[in-house]
Amino acid sequence: MSRRLNIDSVQQNFWKEELTREQKLRCEWHLKYGSMVKAKQKAMAANRLPLKLPTLYPQTPPSLPPAPKAVPSRVPSPALEAPQQAEMYPVLPATRALLYEGISHDSQGRWCYLNTRKLDVPEKRYLFPITTNFTYGWQLGPTPKQEMASTKMCRVDSFFRKNGAFSSLDPRDLVL
């Protein structure tokens, strides 16, 4: 729905004169100060030219004597050895082989790899908890299998708290 404009010829002539006066004022200002503004802009552009810095050539580091090779007492496992910048441990070669196993069979290898990788606990996959959600389930151990009650009323009765939120705790309530 459009707005009705209550403009008569007097108001229309007022706005016409006002805009014409503004336009004349801008043209006069430009004629009077335009050349000075352009000169200042050119001076500012000249000041903004990039500063030429001398080129630095890489210096060769002094050669260090070779360190004596010590035989490690035990060979570290490739799955537990991690690079310093990585977030995850490297994948075991047997698990990595699953990735390339079914390349021709419509991404079957990727599905098998991801399902196998999903079975590992996060502590064996990641060096440290990456997100805050990891901290909730980090190092909890195996989850105990809980039998679900078969009747709906039993589930409803065991879900809700028997005592109020601010009442004293019942000794039969368990804190997990």
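Contact here means heavy atoms within 4.5 Å. By that criterion, residues 24 or more positions apart supply 32% of the contacts in the protein that have a separation of 6 or more. The structure is a predicted model.

The protein has 176 residues, and 8% of them count as buried. Its secondary structure consists of six helices and zero strands. Read from the N terminus, the order of elements is therefore written α-α-α-α-α-α. The accessible surface amounts to about 18000 Å². Carbon and sulfur atoms account for 61% of that surface.

One helix pair was examined in detail. Two packed helices are described by the angle between their axes and the distance between the axes. Helix α2 spans residues 93–101, and helix α3 spans residues 108–119. The two pack at an angle of about 150 degrees. Their axes lie 6 Å apart. Because angles over 145 degrees count as roughly antiparallel, α2 is roughly antiparallel to α3. From α2, the residues T95, R96, L98 and L99 make the contact. From α3, the partners are G109, R110, C112, Y113 and T116.

T95 belongs to helix α2. Its relative accessibility is 12%. Buried means under 20% relative accessible area, so T95 counts as buried. Which residues does T95 contact, leaving aside its neighbours within four places in sequence? They are Y113 and T116. Both of these residues are listed on the α3 side of the helix contact.

L92 lies in the loop between α1 (9–47) and α2. What is the distance between the C-alpha atoms of L92 and R117? The two atoms are separated by 9.8 Å, although the residues are 25 apart along the chain. L92 has a relative accessibility of 42%.

The cysteines were considered next. How many disulfides does a search of the whole structure find? The search finds zero. A disulfide would require a pair of cysteine sulfur atoms within 2.5 Å. C27 is partly exposed, with a relative accessible area of 45%. C112 also counts as partly exposed, at 26% relative accessibility. C112 is one of the α3 residues in the contact with α2.

Conventions: Residues numbered from 1 in each chain as written. Predicted model: local features only at pLDDT ≥ 70, side-chain atom pairs only at ≥ 80, totals over all residues. Heavy atoms only, no water. Axes fitted to C-alpha atoms, helices over the stretch in contact; angles between N-to-C directions. Helix = DSSP H or I, 4+ residues; strand = E, 2+ residues; numbered from the N terminus. Parallel < 35°, antiparallel > 145°, perpendicular 65-115°, else oblique. Buried < 20%, exposed > 50% of the residue type's maximum accessible area, 1.4 Å probe, protein only. Areas by Shrake-Rupley, 256 points an atom, 1.4 Å probe, with all protein chains shown as cover.
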